[in-house]
Amino acid sequence: MPMVHNWQIGRDMSYPHAERHPQWQFAFVFNPNRCIGCQTCTMACKSTWTFSRGQELMWWNNVESKPYGGYPQHWDAKLLAMLEEANPSGQLWEAAEKDAVKKPYGVFTGMTIFDAAEKKPRPEGPQQALGYLPADEEWRSPNIYEDTATGNHFQLAGQFGGNVQLPEHKVWFFYLARICNHCTYPGCLGSCPRNAIYKRPEDGVVLIDESRCRGYRKCVEGCPYKKSMYRPTTHTSEKCIACFPRLEGKDPTISPTSAPAETRCMSACVGKIRLQGLVKVDQDGTWAKDPKNPLYYLIRERQVALPLYPQFGTEPNGYYIPPRWVPRAYLTQMFGPGVDRAIGQYSCPDRELLAVLQLFRANRQIIYRYEIEQGKKVGEIEVTMPDGKAKTQELFNDTVIGYNQRNEEVVRVTVEEPTFERPTEAHVNSI
Amino acid sequence: MSETTEVIGTPKIHPSSREILPDDPLEMHGLEVRGDPELMLRMLVEEYARIGWGLDQIMQLAGDPNYSAFHGLSQALGKDELRRRIGNILSRCGVIRVRAVEAAATTEYLVQIDKPAK
């Protein structure tokens, strides 16, 4: 296999195709700290794209409750186990060896799905990317174990299966919203024997050419995130298309000025957990330095948002701000060694980071650039740091202004003076 | 007329009272990863405070079984105790307020559809 560079794992790796990069790359940041699992994004996607016959099991966007939920069930645990089997005790990071551009999280010294397929072929037969084909049962329940945190005593009486025997598990769970990550080195693309999958050069969106697809389901097998899905009525696979008509600004209702707009799932998010956009990519695959692009700022500059399972090796372009209350070992497995830094920054954001965080779902047009108008200090609040200790955070009356592709101002969000509610029992003698 | 209690056909058993079958593909096998409910509560409350939610709004979530995190904490701790704890957290972290102004739609691009074109 040719060698390509993957900055998320800090090294070159095998990939079935030679290295090529789009001019721009579709990317997004989700903030699971805020997600309430309302599934509005899921329904927005379902009602837009996957509503017809043969697509009953297909949910391009889904929200699963971690650690137990998954669609298909246990997709991540299964692949992690296969990688562990291929490289026992070797799936490790050399986190100390860092470089801001080429290896911001250190170097992953274990096997990616492409390395494992090449070096440790499965007894079932050769693969381009290590993977498995989920059984029908595993697709059957998109929201299985939703809201499941602990054993029986914590479950809603009578509403969920009382026969589910879970260990005593102190209260923690979080919602993981997922769409196709439109990876830089997609497992689906690398696995397709028909070369029916391609990345668009203008925005890096990964699409399936339905006229070439013959429904071999190798993409379903090879996508580590299981975001390529087989449709039995057409005998072809389908996947998230990143709502590309909206990205292109081609919808006259949504984009009367032809300015690119966010996808349906992003626009529908009521919890304001999503920020989506496009980042400029250099010819060598690194992101062109653009610190006023909110995605570049959050992902590359501040590293507050991290890729999902970077060790799989596909260089996914979906990024997550790790949920702060979740045990660190679990998060490190899911988001890599950048978790400590990301949570530390997010727990007590400085004034610029706090301002940029206000851009999430502030407008449905894609924000290409932001500016900040600084205001005076309006207060101090106390925040909880990852170690459980309190820290004082200063708040400023700053305004963040978002600009679209045409450099027109589309939104401005101002942080105002905080309000405090004092607990009544502390002031029993007050009038 | 005599009443009969004889059950005909396969008896109906609610899934929650059914025996677990070892080969059930949907059966969960969970591993314990210890967490800290107090830390989760503090961080969830801070998170909602960051988007401008106050005590009453957060307590409304706790009363709704569809929002399992807060509702579960409410059941585990009791409603009054949860309210007290959330109040204490909010008294320290405050509720952040933001004001968002979206740019007005540019009317020159809008198409008038109720008048026929000349």
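Student: Where in chain A does A:Gln39 lie?

Tutor: A:Gln39 is in the loop between β3 (24–30) and α1 (40–49) of chain A. Helices (H or I, at least four residues) and strands (E, at least two) are DSSP runs, numbered from the N terminus. The model is predicted: local features need pLDDT of at least 70, side-chain atom pairs count only at pLDDT 80 or more, and totals for chains, interfaces and linings use all residues. Residues are numbered from 1 along each chain as its sequence is written, while chains are lettered from A and ligands numbered from 1 in the order in which they are written.

Student: What is phi of A:Gln39?

Tutor: Phi is near 70° there, a positive value in a residue other than glycine.

Student: Why is A:Gln39 called partly exposed?

Tutor: A residue is buried if 20 or more other C-beta atoms, placed from the backbone, lie within 10 Å of its own, exposed if 12 or fewer, and partly exposed in between. A:Gln39 has 18 other C-beta atoms within 10 Å, so it is partly exposed.

Student: What makes A:Arg217 count as partly exposed?

Tutor: A:Arg217 has 17 C-beta neighbours inside 10 Å, so it counts as partly exposed. A:Arg217 is in the loop between β9 (206–208) and α6 (218–222) of chain A. Phi of A:Arg217 is positive, near 65°, in a residue other than glycine.

Student: Which peptide bond ends at A:Pro67, and what is its omega?

Tutor: The bond from A:Lys66 to A:Pro67 is cis, with omega near 15°. A:Pro67 is found in the loop between β4 (62–66) and α2 (75–86) of chain A. A:Pro72 lies in the loop between β4 and α2 of chain A, and a cis peptide bond with omega of about 0° joins A:Tyr71 and A:Pro72.

Student: How many helices and strands does chain A have?

Tutor: Chain A has twelve helices and 19 strands.

Student: How do you know that chain A is as compact as a globular protein of that length?

Tutor: The radius of gyration is taken over C-alpha atoms, and the globule rule is 2.2 Å times the number of residues to the power 0.38. For 431 residues the rule gives 22 Å, and the radius of gyration of chain A is 22 Å, so chain A is as compact as a globular protein of that length.

Student: What share of chain A is buried?

Tutor: Buried residues make up 51% of the 431 residues in chain A. In chain B, they make up 25% of the 118 residues.

Student: Which pattern does chain B follow along the sequence?

Tutor: The pattern is α-α-α-α-β, from four helices and one strand.

Student: Which strands form the open sheet?

Tutor: The open sheet has four strands in the order β15(A)-β18(A)-β19(A)-β1(B), with antiparallel pairing. Two strands pair if DSSP finds at least two bridges between them.

Student: What makes β15 of chain A and β1 of chain B edge strands?

Tutor: β15 (369–373) of chain A and β1 (95–102) of chain B each pair on one side only, and they are the edge strands.

Student: How many bridges join β15(A) to β18 of chain A?

Tutor: Five bridges join β15(A) to β18 (residues 399–403) of chain A, and the two run antiparallel. Five meets the cut-off of at least two bridges, so these strands pair. A:Arg369 stands opposite A:Tyr403 in β18(A).
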